[in-house]
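Hello,

Here is the structure for your files.

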Amino acid sequence: MLRLTAMTIEEVVRAADSAVSRNQILERLPKQVMRSTLNFALDYLERRGMVLETRNGFVWTFNPGVKLANAEEDGLVV
C-alpha cells in the first residue's frame with residue numbers, strides 16, 4: 001500500500017504547475033490516505049532527491065540525465 005501511495009503522491013507533485021502544500025496533496029489523494037503516510041512518503045521522496053520542500057510547498061526536482069535514458073533504451077529486457 002505504501003508503495004502505491006508514494007507513487008500516487010509522486011504523480012500529484014510531478015503534475016503540479018507550482019509548489020503544492022501537504023494539504024493540497026492530501027486533498028488530491030484518495031480519502032483513505034492518512035497524513036502520517038503522506039508525511040512518510042514525502043520524506044522518502046525528499047531523501048531520494050525527487051522532491052524538494054520549499055516554503056510554498058513541494059516541487060518536483062528529479063531530472064534523469066541523458067545517459068540514463070540511453071541506458072534504458074539499450075538495456076536488456078528480462
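Below is what turned up, taken element by element. One caution first: this is a predicted model.

Helix α3 comes first. It covers residues 35–47. Its length checks out: 13 residues at 1.5 Å a residue should span 18 Å, and the end C-alpha atoms are 18 Å apart, so the two agree. Four residues of α3 are buried: L38, A41, L42 and L45. They cover an arc of only 100 degrees around the axis, which means they sit on the same side of α3. After α3 comes G49. The phi of G49 is positive, near 80 degrees.

Next, the strands. β1 runs over residues 51–54 and β2 over residues 57–60. They pair in the antiparallel sense, with four bridges. Together β1 and β2 make a hairpin, and two residues lie between them.

Then the core. The largest nonpolar core has 16 residues. Those touching the most other members are I9, V13, I25, L29, L38, L42 and F58. As background, nonpolar side chains tend to be buried together in soluble globular proteins.

Leaving out residues up to four places away in sequence, what does L42 touch? The contacts are I9, R22, I25, V51 and F58.

Best regards

Terms used. Residues are numbered from 1 along each chain as its sequence is written. This is a predicted model: local features need pLDDT of at least 70, side-chain atom pairs count only at pLDDT 80 or more; totals for chains, interfaces and linings use all residues. Side-chain values use heavy atoms; hydrogens and water are left out. Two strands pair if DSSP finds at least two bridges between them. The expected span of a helix is 1.5 Å times one less than its number of residues. Buried means under 20% relative accessible area, exposed over 50%, partly exposed in between (1.4 Å probe, protein chains only). The arc is that of the directions from the helix axis to the C-beta atoms. A nonpolar core is a set of buried Ala, Val, Leu, Ile, Met, Phe, Trp, Tyr and Cys residues joined through side-chain atoms within 4.5 Å. Contact means heavy atoms within 4.5 Å.
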